[in-house]
Amino acid sequence: LVGLPLGLAIGLSPFLDRLLSPIIGFLRPIPALAWIPVVVIWLGIGEESKVFVIFMSSVLFVTTGAILGVKAVPADFYFVARNYTLGRFDLMRLIVLPPAMPQILAGMRTALTIGWAVVVAAELIGASQGLGYLLIDGQQLGKPAQIVTAIVAFAILGKITDWLIVAAARPFLRWEDRFARHGAR
């Protein structure tokens, strides 16, 4: 909800690109676990701190994917949009999003993977429930079945959320060559 509109805006605006891309480039390589000490000081031990750590670990990948996707749109596409006097909504829907979607989707899927991984780390911050907590609790109490159950639950939830992202992007990827996407047979 934050990364995609921010990335689209930065990708479309040279001013925002010059202003915000260096900040994103500076923040993106910071490991998610590095945020934990400062977040505990700022927000304390609670749900807000966990949400913030997960947000920071993933939002910049969505933003970067959107920026790169928009920058990959050929300039000729914008000339066509101008010739047809497309409004902003149609420009985004017809000209920008279809060719940018593969990069956007890659950024979203990377962020999703990192976000699920960070759930475990975030739940180290005084959690008493959640899958990350079950994983850590199982390890501390020597309960391999609990550990495996948490891992399987992460895999299932990760696959479902990944499927939802792909399904949401499918209407924007109709133009893709199905033959190329599924490999030559």
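**Helix packing in a predicted model: exercises**

In this protein, confidence is lowest in helix α9 (residues 178-181), with a mean of 56, and highest in α1, with a mean of 95; pLDDT is the predictor's confidence in each residue, from 0 to 100. The model is predicted, so local features need pLDDT of at least 70 and side-chain atom pairs count only at pLDDT 80 or more, whereas totals for chains, interfaces and linings use all residues. Residues are numbered from 1 along each chain as its sequence is written, and side-chain values use heavy atoms, with hydrogens and water left out.

**Exercise 1.** State the overall confidence and the secondary structure of the protein.

Solution. The mean pLDDT is 87, and 92% of the residues reach 70 or more. The secondary structure comes to nine helices and zero strands. Here helices (H or I, at least four residues) and strands (E, at least two) are DSSP runs, numbered from the N terminus. Along the principal axes, the C-alpha atoms fill a box of roughly 65 × 45 × 25 Å.

**Exercise 2.** Describe how α1 packs against α2.

Solution. Two packed helices are described by the angle between their axes and the distance between the axes. Axes are lines fitted to C-alpha atoms, for helices over the stretch in contact, and angles run from 0 to 180 degrees between N-to-C directions. Helix α1 (residues 3-12) packs with helix α2 (residues 14-27) at about 125°, the axes being 6 Å apart. The two helices are therefore oblique to each other; angles under 35 degrees count as roughly parallel, over 145 as roughly antiparallel, 65 to 115 as roughly perpendicular and the rest as oblique. Leu6, Ala9, Ile10 and Leu12 of α1 make the contact with Pro14, Leu16, Asp17, Leu20, Ser21 and Ile24 of α2, where contact means heavy atoms within 4.5 Å. These residues divide into eight nonpolar, one polar and one charged. In this scheme Ala, Val, Leu, Ile, Met, Phe, Trp, Tyr, Cys and Pro count as nonpolar, Asp, Glu, Lys and Arg as charged, and the others, Gly among them, as polar.

**Exercise 3.** Determine the orientation of α1 to α6 and the residues in their contact.

Solution. The axes of α1 and helix α6 (residues 88-122) come within 12 Å and cross at roughly 110°. Helices α1 and α6 are therefore roughly perpendicular. On the α1 side the contact is made by Leu4, Leu8 and Leu12, and on the α6 side by Met92, Val96, Leu97 and Ile104. By class there are seven nonpolar, no polar and no charged residues.

**Exercise 4.** Determine the orientation of α6 to α8 and the classes of residue in their contact.

Solution. The axes of α6 and helix α8 (residues 144-169) come within 10 Å and cross at roughly 160°. The pair is therefore roughly antiparallel. Residues of α6 including Met101, Leu105 and Trp116 meet residues of α8 including Phe154, Leu157 and Ile165. The contact has 12 nonpolar, two polar and two charged residues.

**Exercise 5.** Classify the aromatic pair of tryptophan 35 and phenylalanine 52.

Solution. The structure holds three aromatic pairs. Rings of Phe, Tyr and Trp (its six-membered ring) pair if their centres lie within 6.5 Å; planes under 30 degrees apart count as stacked, over 60 as edge-to-face and the rest as tilted. Tryptophan 35 and phenylalanine 52 are 6.0 Å apart centre to centre, with 85° between the planes, and the pair is edge-to-face. Tryptophan 35 lies in helix α3 (residues 32-43) and phenylalanine 52 in helix α4 (residues 47-71), so the pair ties together parts that are 17 residues apart in sequence.
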